[in-house]
Amino acid sequence: MRDYILPLLASAAWTHASVISWDDAYTKATAALAKLSSSEKIGIVSGVGWQGGNCVGNTKAAGSIGYPSLCLQDGPLGVRYVLGATAFSAGIHAASTWDIDLIRERGTFIGQEAKQLGIHVMLGPVAGPLGKIVTGGRNWEGFGVDPYLTGIAMKETIEGMQEAGVQACAKHYIGNEQEKNRETMSGTIPDRVLHELYLWPFADAVKANVASFIYNKINGTWACENGGIINKLLKDELGFRGYMLSDWNAQHTTVGSANAGMDMTMPGSDFEKKNILWGPALQNAVSSGQVQQSRIDDMVKRILAAWYLVGQDKGYPTATFNSWKIGSRDVGGNHKTNVRAMARDGIVLLKNTDGALPLKKPKSVAVVGSDSIVAPKGANACADRGCNDGTLAMGWGSGTVEFPYLVAPLDAIKTQAQKDGTTVTSSTNDNAQQGASAAQNAEYAIVCINSDSGEGYITVEGNVGDRKNLDPWHSGNDLVEAVAAVNKKTVVVIHSVGPVILEPYIDNPNVVAVVWAGLPGQESGNGLVDILYGATSPSGKLPYTIAKQASDYGPTVVSGDDNTWDLFVDYRRFDKNNITPRFEFGFGLSYTNFTYADLSITGAPKSGPATGTKAPGGPADLFETVTTVTAKITNSGGVVGAEVPQLYIGYPASALSTPPKQLRGFNKLKLEVGATGTATFKLRRRDLSVWDGGKWVVPSGEFTVSVGASSRDVRLTGKITV
């Protein structure tokens with residue numbers, strides 16, 4: 001539960017919810033405010049205390065306006081603490097699909113389940129951590145290391161959730177990049193770095209009209225009382241009209257947090273239920289003149305406006321589940337279809353020697369490794385998934401859910417093998433000798449290994465949230481090498497929260513395929529079999545770089561304050577320093593081939609700063625399309641498949657110290673054999689700007705446009721002259 005949250009509310013019209021404009025929502029909120037007593041106002045902004053309600057966070061009801069006890073619930077991949085809610089694919093796996101339709105649907109389905117349960121605020125999606133530190137424990141909750149990709153995924157998720165009638169909460173704002181000492185450490189982030197990387201996806205969230213959150217210290221000040229990041233950055237510069245919510249246990253003062261712009265405290269006390277900083281203490285601060293009544297009224301209006309924005313004032317269900325005594329409520333409906341599609345389309349094929357995959361009714365298959373089965377004690381045996389005893393389908397911590405069921409790799413492979421008449425042998429532990437024995441006489445050996453991480457309040461096998469290293473757990477490298485020594489058709493399946501080092505076996509000729517299977521959720525094995533057996537051609541692409549050695553990534557977990565912030569995170573660093581990765585950002589193989597042709601570039605922005613009127617997300621002209629790039633993509637192979645053409649921008653020399661190239665567009669095109677599709681990239685003014693002197697500025701000179709199949713597999717190039 002130790003989470004920092006920023007609900008940001010999206011307004012989009014949808015037939016299933018009464019989503020209105022912020023202006024209309026504020027009109028309603030202002031009228032309601034006039035009817036509230038002072039105690040009701042304080043009750044709306046103050047949590048009732050840790051475990052004081054049925055949700056992970058609750059506020060007091062206000063009977064004078066029919067306002068309920070607001071229910072706030074984790075989390076980013078589904079509804080926590082309810083058995084029967086869907087265990088969706090993790091954020092990092094959603095990102096590896098590069099499919100905005102699936103990402104949008106995932107957000108909608110999460111929102112629909114939350115609404116059925118009477119949850120008003122879902123604590124997600126996640127735009128921080130961004131992945132600056134490759135071993136960061138909660139990287140898997142977000143959408144990868146690129147702010148552009150993360151921003152698009154944030155927008156689609158927020159709008160999907162809020163169109164379903166549930167307030168989305170964008171988190172963790174801001175600079176929360178490791179678990180170690182996260183509640184006390186400070187990050188000193190240069191202004192340009194803050195804007196171009198860490199604030200970027202939160203601006204997309206504000207543009208989507210989201211609701212609130214905060215974390216650790218930034219530039220030396222507790223985030224909950226940092227007026228610079230709340231009032232100046234979020235509410236003023238980004239035009240954010242929702243409310244700022246403290247993370248659980250993140251508030252440190254009564255007056256300081258109120259005057260810095262915090263609007264709601266969660267859960268209303270510390271975890272010992274003793275330290276209560278708002279409630280009566282906030283009322284006393286108003287009475288003594290330390291906090292102005294107008295500040296309280298602003299808090300209340302922001303919270304009420306978010307409630308009205310998504311139509312929660314009309315016929316909204318009441319939350320009857322109990323987070324502290326997990327019960328069963330079947331709210332999943334047909335949502336497993338999204339999980340299976342994401343599990344499948346988020347898989348990244350890293351290696352496939354001589355077309356080893358897909359499998360074609362092999363005579364025999366050996367399946368090896370503890371990651372191939374559901375944990376013997378059950379998928380939900382460990383609280384908040386705080387163990388790694390079976391197949392890995394999500395990390396651990398407050399961002400988890402109870403599995404309604406979990407299809408493991410071996411389960412799904414056995415089902416397929418029965419159809420094909422294939423003999424299956426297995427070794428479902430990580431003993432290398434036993435694994436080799438099971439694999440030595442099989443036509444194919446499938447070795448399942450993993451790497452886990454999570455939130456720092458749980459330690460798993462010596463990993464205190466953050467990962468200790470980038471090796472697979474349970475001596476996974478030894479297991480692969482032992483099997484490959486006796487089987488010349490070894491396929492490695494990896495479930496992981498983020499990059500692992502593959503060097504011990506990646507060049508081994510007996511390892512004929514490597515399947516990066518991510519964190520796929522409850523339909524894990526089914527999605528994997530769809531790819532292994534060729535029901536679908538793989539189309540996932542890496543949302544981060546896989547290096548040859550851990551030191552190539554740069555910054556690591558620090559014990560004190562963190563001053564290692566720059567623009568060169570992940571592929572930006574690899575490009576700048578001419579480091580050859582094992583597999584680059586955006587990489588992914590297919591069972592078919594794609595050719596690129598006919599690059600076209602139309603339009604160019606004027607150089608200089610954005611000058612548009614202030615709007616959600618920043619100056620309105622920042623989000624205007626200034627250049628359109630198109631390219632023709634043809635499926636030139638032998639099977640139906642999907643490709644993700646990616647557009648990268650190189651900035652003019654006048655933009656000093658800018659990374660060599662940065663992602664600024666992507667499409668996902670599903671193409672029949674021989675078919676040609678058009679990839680269209682609409683570049684906004686923002687996409688060609690740098691943060692310079694407190695403004696977004698389009699630099700003058702020549703921009704390089706690179707379109708290709710990954711950050712390093714560039715197929716077409718062109719120029720934009722400004």
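Contact, as used in these legends, means heavy atoms within 4.5 Å. The views are taken from a predicted model.

View 1. Leaving aside residues up to four places away in sequence, Ser-451 touches Leu-392, Arg-467, Asp-471, Pro-472, Trp-473, His-495, Ser-496, Val-497 and Val-500. Among these neighbours, Arg-467 is also joined to Ser-451 through a polar contact of 2.9 Å between the two side chains.

**View 2. Helix H16 and the elements packed around its buried residues.** Helix H16 covers residues 524-532 and is mostly covered in the model, with nine of its nine residues buried. The buried residues are Ser-524, Gly-525, Asn-526, Gly-527, Leu-528, Val-529, Asp-530, Ile-531 and Leu-532. After the helix comes Gly-534, which has a positive phi, near 80°.

**View 3. Crossing of helices H12 and H16.** Helix H12 (residues 336-345) and helix H16 have axes that come within 8 Å and cross at roughly 45°, and the two helices are therefore oblique to each other. The crossing in which H12 passes H16 is right-handed. On the H12 side, the residues in contact are Arg-340, Ala-343 and Arg-344, and on the H16 side they are Asn-526, Gly-527, Asp-530 and Ile-531. Sorted by class, this contact has two nonpolar, two polar and three charged residues.

**View 4. Crossing of helices H13 and H16.** The axes of H13 and H16 lie 8 Å apart, and the helices pack at an angle of about 50°, which makes H13 oblique to H16. This crossing, like that of H12 with H16, is right-handed. Pro-409, Ala-412, Ile-413 and Gln-416 from H13 meet Gly-525, Asn-526, Leu-528, Val-529 and Leu-532 from H16. The contact of H13 with H16 has six nonpolar and three polar residues, and no charged residues. Asn-526 takes part here and also in the contact with H12.

**View 5. Packing of helix H4 against helix H12.** Helix H4 (100-116) packs with H12 at an angle of about 145°, their axes being 10 Å apart. H4 passes H12 in a left-handed crossing. From H4, Leu-102, Ile-103, Glu-105, Arg-106 and Phe-109 meet Thr-337, Asn-338, Ala-341, Met-342 and Asp-345 from H12. The residues of this contact divide into five nonpolar, two polar and three charged.

View 6. When residues up to four places away in sequence are not counted, Leu-117 touches Val-79, Val-82, Thr-318, Ala-319, Thr-320, Phe-321, Arg-329 and Val-331. Although Leu-117 and Tyr-316 are 199 residues apart in sequence, their C-alpha atoms are 9.8 Å apart in space.

How values were computed: Residues numbered from 1 in each chain as written. Predicted model: local features only at pLDDT ≥ 70, side-chain atom pairs only at ≥ 80, totals over all residues. Heavy atoms only, no water. Axes fitted to C-alpha atoms, helices over the stretch in contact; angles between N-to-C directions. Helix = DSSP H or I, 4+ residues; strand = E, 2+ residues; numbered from the N terminus. Parallel < 35°, antiparallel > 145°, perpendicular 65-115°, else oblique. Left-handed = near helix turned anticlockwise from the far one by under 90°. Nonpolar A, V, L, I, M, F, W, Y, C, P; charged D, E, K, R; others polar. Polar contact = N/O pair within 3.5 Å; in protein donor to acceptor, adjacent residues only side chain to side chain. Buried < 20%, exposed > 50% of the residue type's maximum accessible area, 1.4 Å probe, protein only.
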